[in-house]
Amino acid sequence: MEFSIKSGKAEKQACDCVIVGIYESGKLSPAATSIDQASNGFIANVLKHGDMDGKLASTLLLHHVPGIQSHRVLLVGLGKSGEAKASCYRKAVSASIKALAKTGTKHVASYLLEMDLPKECVTWKTAQFVEAAQDSLYHFGVMKGQATQKDQSKKEKIVGIDIYVSDVSAADAAETGLQQGLALSSGVSLAKDLGNLPPNVCTPTYLADQALAMVKTHGLTVQILEREEMQKLGMGSFLGVAQGSVQPPKLIVLQHLKGKKTDKPVVLVGKGITFDTGGISIKPGAEMDEMKYDMCGAASVLGTFKAIAEMDLPLNVVGIIPACENMPDGNAIRPGDVLTSMSGQTIEVLNTDAEGRLILCDALTYAEKFEPALVIDIATLTGACVIALGHHASGLFSNQDTLAHELISAGEQALDRAWHMPLWEDYQPQLDSNFADMANIGGRAGGSITAACFLSRFTKKYHWAHLDIAGTAWKSGKEKGSTGRPVPLLTGFLKNRADKLNN
Ligand code: BES
Ligand code: MN
Ligand code: ZN
């Protein structure tokens, strides 16, 4: 897919389709107005007959509009004018691209930058356009048989989208947005692919190989720690989870050091359970296949590294990914086992299905070695978070309010939101154990909070935030698939930080 920034009149573009917006009031966007004038009121006539009401994200495809160079015109509903939110813009973009993907359209001219938004600038609109378009066209087909793949590749596809600015003076800002959008969507797409791959392919070793492959293409430093090295470091908690699987565990360490030498790094830690059966506390069978997505935290770290590498972001960032499988086995840990973590704190395993925190705690202790400015961990940690927030917001927990607010606002900007959850001392006693320093579960009440409380016992030495992405990393049901979240939030956060440090 090729995107480019252009300017010019909508009626003059000789392409397969021109996309123009219509408001719910019947008001035409400037490009829709100029098409209407060139076609002697063709659009106004369509609206008069009630075929398009301008409702947000509704679409109507018109062929052979008289006086127009393009083969088709796609009318897209922009909703109520004057009160459009950023999320409405994204919905309108997604709806138009999805509508065109079903047609023979190859070359598109979009005039959706014209949509009135009170707060967002041309750069933001262009970046969002690119990301929403790529998101709508994403397809995971590599595991289909060859015959199916051939059929798919025969279908005509959109190959080029020209994004029109209303004035050439806006072209530079749009170009900046285009580059940001491309970098971000390639990170999101990597995160989606890794999530969607089956667990017999996407093993800890596969994740390590993906990281290593990025050394050549993206100029990162990558180091893979094997079981023996982790034993020396005393990572008894992580290795406890890993011991039930024949897949060897990997601790993947990535470094993007493009900031000032003296700047302390931001450390991202991603949960990389490539399949979570629950272990001896085995999960029920229904939807267990979705536990292949239990490495989406890891995937979001790799995706974010890809995005910031493509942006060449002037910032120091370290990624740490503990990757293993959680399997039941003769050698697996059992409920009642006591593990000694790298921090020296002991943990009574009361449920082997609360394994995410067991691998993260050692990775969080390992993070200290990088003298971080701050640490963010990303994990599909608890079903309880899905009950609390559903599938719209990731859960955000932090031991530092400024950091929490920066992440919340980056999420809002990126349309990849998180919601601030409590991390009060009041919840800590739920983790008391009679036999070790702490238990690995805190009962049913406030399950996502006690999971965060567990992690907080390993993050006392630095500013830290935890994103529970159990509800946001993938979709279930008919549209089952990875979302690539929270790559947009993380990339936006890092970009804001780089902008601040370098200005
Ligand atoms: N990976 C799961 C969390 C999860 C479950 C995410 C379902 C999305 C959907 C995690 O390892 C887990 O099993 N957590 C347990 C914790 C419990 C045993 C305290 C859970 O949420 O049930
Ligand atoms: Mn589990
Ligand atoms: Zn898990």
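I began with ligand 1 and noted that a backbone N or O atom of Leu-381 lies 3.5 Å from one of its nitrogen atoms, where a polar contact is a pair of N or O atoms within 3.5 Å, and within protein one must be able to donate a hydrogen and the other to accept it, with residues adjacent in sequence counting only if both atoms are side-chain atoms. I then noted that the protein covers 76% of the 510 Å² of accessible area that ligand 1 has on its own, areas here coming from the Shrake-Rupley method with a 1.4 Å probe and, for residues, only the protein chains shown counting as cover.

Before going on I wrote down the ground rules: this is a predicted model in which local features need pLDDT of at least 70 and side-chain atom pairs count only at pLDDT 80 or more, while totals for chains, interfaces and linings use all residues. Residues are numbered from 1 along each chain as its sequence is written, chains are lettered from A and ligands numbered from 1 in the order in which they are written, and side-chain values use heavy atoms, with hydrogens and water left out.

**Around ligand 1**

I looked up the surroundings and found that 16 residues surround ligand 1, the closest being Lys-283, Asp-294, Asp-353, Glu-355 and Gly-383; a residue is near a molecule or strand if one of its heavy atoms lies within 4 Å of it.

**The zinc ion**

Which residues hold the zinc ion (ligand 3)? I found Lys-271 (NZ), Asp-276 (OD), Asp-294 (OD) and Glu-355 (OE) as its protein donors, lying 2.0 to 2.4 Å from it; donors are N, O and S atoms within 2.8 Å of the metal (3.2 Å for Na, K and Ca), and water is not among the atoms, so sites may look incomplete. With angles of 78 to 176 degrees among six donor atoms, the zinc site is octahedral. For the terms, four donors count as tetrahedral if all angles lie between 85 and 135 degrees; four count as square planar and six as octahedral if opposite donors are over 155 degrees apart and all others between 65 and 115; anything else is irregular.

Along the sequence I read the zinc donor spacing as K-x4-D-x17-D-x60-E. Asp-276 lies in strand S10 (residues 272-276) and Glu-355 in the loop between strand S13 (346-348) and helix H11 (356-367), so the pair ties together parts that are 79 residues apart in sequence; helices (H or I, at least four residues) and strands (E, at least two) are DSSP runs, numbered from the N terminus.

I also looked up cover, where buried means under 20% relative accessible area, exposed over 50%, and partly exposed in between (1.4 Å probe, protein chains only). Asp-276 is buried at 3%, and Glu-355 is buried at 1%.

**The manganese ion**

The manganese ion (ligand 2) is coordinated at 2.1 to 2.2 Å by Asp-276 (OD), Asp-353 (O), Asp-353 (OD) and Glu-355 (OE). Its six donor atoms subtend angles of 70 to 169 degrees, which makes the arrangement irregular. Its donors follow the spacing D-x76-D-x1-E along the chain, and I noted that Asp-353 is partly exposed, with a relative accessible area of 23%. How far apart are the manganese ion and the zinc ion? I found them 3.2 Å apart, with Asp-276 coordinating both.

**Strands and a helix**

I turned to an open sheet of three strands in the order S12-S13-S17, with mixed pairing; two strands pair if DSSP finds at least two bridges between them. Strand S12 (338-340) and strand S17 (438-439) stand at the edges, each with a single partner strand, so one side of each is left without a neighbour in the sheet. S13 and S17 pair in the parallel sense over two bridges, and Ile-347 stands opposite Met-438 in S17.

Elsewhere, I noted that six of the eight residues of strand S8 (residues 250-257) are buried. Five bridges join S8 to strand S7 (residues 221-225), antiparallel, and eight bridges pair S8 with strand S11 (residues 316-326), also antiparallel.
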